[in-house]
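The following exercises are to be worked with the sequence and the model at hand. Each task is followed by a stepwise solution.

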Amino acid sequence: QHELPRYNPGIRIHEQIVTLPAPPASMGKALSVDKTPEIMERLAEMGKRGFSPSALAQFVGCPLQFYLSRVARLEESDQVEETIDASTMGTVAHGVLEKMYRPLTGKVLEAVHIDGMLKEADRLTRMQFEEEYPEGDIRSGKNLLLFYLARQYVINFLEAEKSELAGKGQGDKDPLTVLSLEQWLEATLEVQTGGQVRKVKIRGKADRIDRIGGRT
């Protein structure tokens, strides 16, 4: 879109934005779903299996979206990903950081460790893209820009961590120990609903658990 006209002056790219008004029948009418016995049974089933932090955040953000995707189990159609989307880029950055920190589990984190990670940022980001996006080409175009962006996310995180560790090294802060990565956690809560007490499980993964001094 941006580069081709420079190589071929005969090319002209035009964009048009089309907007459509909402149908009058839907104006001012909120879509709601009644809690039928079948829906309550489904929610109880989900509670036994466990609600994840992302599920709870989705419910708080948009209960209707929570119902459609998790209760009614309606899924978006799969699409071939020609350019890397935001979720893939986030997954890549997450995977790179996990690979970097995994060997340091159980150790006190020091600035020298971060220096070593920074040297590996480019190589590991490329490797992670190949794992998450095997059919893609990150050598040019939008994908190359998104590769640089993902790598910069990783670098920014590491630089911030290094600055934090520099303060700890001055004796005014407790040392930081990485206890675990991708730790599975779950707990059972008792919730009163519909005139009875139900046991509901909360479950999910903690990206990283640290110990700073005596605090976890």
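The side chain of Gln58 makes a polar contact with the side chain of Arg70, at 2.5 Å; such a contact is a pair of N or O atoms within 3.5 Å, where, within protein, one must be able to donate a hydrogen and the other to accept it, and residues adjacent in sequence count only if both atoms are side-chain atoms. The model is predicted, with local features requiring pLDDT of at least 70 and side-chain atom pairs pLDDT 80 or more, while totals for chains, interfaces and linings use all residues. Residues are numbered from 1 along each chain as its sequence is written, and side-chain values use heavy atoms, leaving out hydrogens and water.

**Exercise 1.** Determine whether Gln58 is buried or exposed, and identify which residues Gln58 touches.

*Solution.* Step 1: Gln58 belongs to helix H3, helices being DSSP runs (H or I) of at least four residues, numbered from the N terminus. Step 2: with a relative accessible area of 16%, Gln58 is buried (under 20%; exposed is over 50%, partly exposed in between; 1.4 Å probe, protein chains only). Step 3: leaving aside residues up to four places away in sequence, Gln58 touches Pro63, Gln65, Phe66, Ser69 and Arg70 (heavy atoms within 4.5 Å).

**Exercise 2.** Describe how helices H3 and H4 pack.

*Solution.* Step 1: H3 (residues 53-61) and H4 (residues 63-71) meet at an angle of about 135 degrees, their axes 5 Å apart; axes are lines fitted to C-alpha atoms over the stretch in contact, and angles run from 0 to 180 degrees between N-to-C directions. Step 3: H3 contributes Ser54, Ala55, Gln58, Phe59 and Gly61 to the contact, and H4 contributes Pro63, Gln65, Phe66, Ser69 and Arg70.

How values were computed
Helix = DSSP H or I, 4+ residues; strand = E, 2+ residues; numbered from the N terminus.
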